[in-house]
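Please keep the sequence and the model in view while reading.

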Amino acid sequence: MLSVFDSLRLSGQALSVQKTRLDVASANLANAQTTRTEDGGPYRRRDVVVHDEVARGQFDFFLDDAMNSVRSVRVDGVTEDRAPPRLVYRPDHPDADASGYVAMPNINTIEEMVNMITTMRSYQANLNVTSGIRQMAERALNIGRSI
């Protein structure tokens, strides 16, 4: 059984993961046309690596078997997509090669927009969970006051 604080911690971890996912998707969209980076070559799409793990609360010693179904998430890191860049024929572009092709970032803007929408919905769902936990805690305190 999770305490109120454990539940808030889990929800907070999920919010943090969603914020990172949103930041990375935003950076991908912002750099969808970046053909030259500090490392040379086009911007490479980035992706968030998320890891799930068994969540442990302060009452684990009572309900160890029941806790195996409660999962927590965390960001393991941000990786670069190794897919090759898209080649676009633009002979007048300053980064065009001898054949007139420009190496463009390997970013699909529609895919990134879908990632942003699903991330925002997940973020909102976790905010609703946090709000529900807070409301339950307030009601429990009010029950204690009325006794």
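## Terms and model

A residue counts as buried when its relative accessible area is under 20%, as exposed when that area is over 50%, and as partly exposed in between. The model discussed here is a predicted one.

## Fold and surface

The chain contains three helices and four strands, and these elements follow one another along the sequence in the pattern α-β-α-β-β-β-α. Of the contacts between residues at least 6 apart in sequence, 63% join residues that are at least 24 apart.

The chain has 147 residues, of which 23% are buried. Its accessible surface amounts to about 9700 Å², and carbon and sulfur atoms account for 56% of that surface.

## The largest pocket

Which residues lie closest to the centre of the largest pocket? This pocket has a volume of about 180 Å³, and among the 13 residues that line it, T37, D39, P42, R44 and E80 are the closest to its centre. Sorted by class, the lining is made up of five charged, four polar and four nonpolar residues.

One of these central lining residues, E80, also forms a salt bridge with R82, in which the closest N and O atoms are 3.3 Å apart. R82 has a relative accessible area of 60% and is therefore exposed, whereas E80, at 32% relative accessibility, falls in the partly exposed class.

## Salt bridges

The count of salt bridges comes to ten. In the pair formed by R74 and D76, the closest N and O atoms are 2.4 Å apart. R74 has a relative accessibility of 35%, so this residue counts as partly exposed, and D76, with a value of 44%, is likewise partly exposed.

Technical notes
Residues are numbered from 1 along each chain as its sequence is written. This is a predicted model: local features need pLDDT of at least 70, side-chain atom pairs count only at pLDDT 80 or more; totals for chains, interfaces and linings use all residues. Side-chain values use heavy atoms; hydrogens and water are left out. Helices (H or I, at least four residues) and strands (E, at least two) are DSSP runs, numbered from the N terminus. Buried means under 20% relative accessible area, exposed over 50%, partly exposed in between (1.4 Å probe, protein chains only). Contact means heavy atoms within 4.5 Å. Accessible areas come from the Shrake-Rupley method with a 1.4 Å probe; for residues, only the protein chains shown count as cover. On a 1 Å grid over the protein atoms alone, a cavity is a set of points where a 1.4 Å probe fits but cannot get out, and a pocket is an open set with protein on both sides within 12 Å along at least five of seven lines; lining residues have an atom within 4 Å of a point. Grid points are joined across faces, edges and corners, and a volume is the space filled by probe spheres set on the points. Ala, Val, Leu, Ile, Met, Phe, Trp, Tyr, Cys and Pro count as nonpolar, Asp, Glu, Lys and Arg as charged, and the others, Gly among them, as polar. A salt bridge is a side-chain nitrogen of Lys or Arg within 4 Å of a carboxyl oxygen of Asp or Glu.
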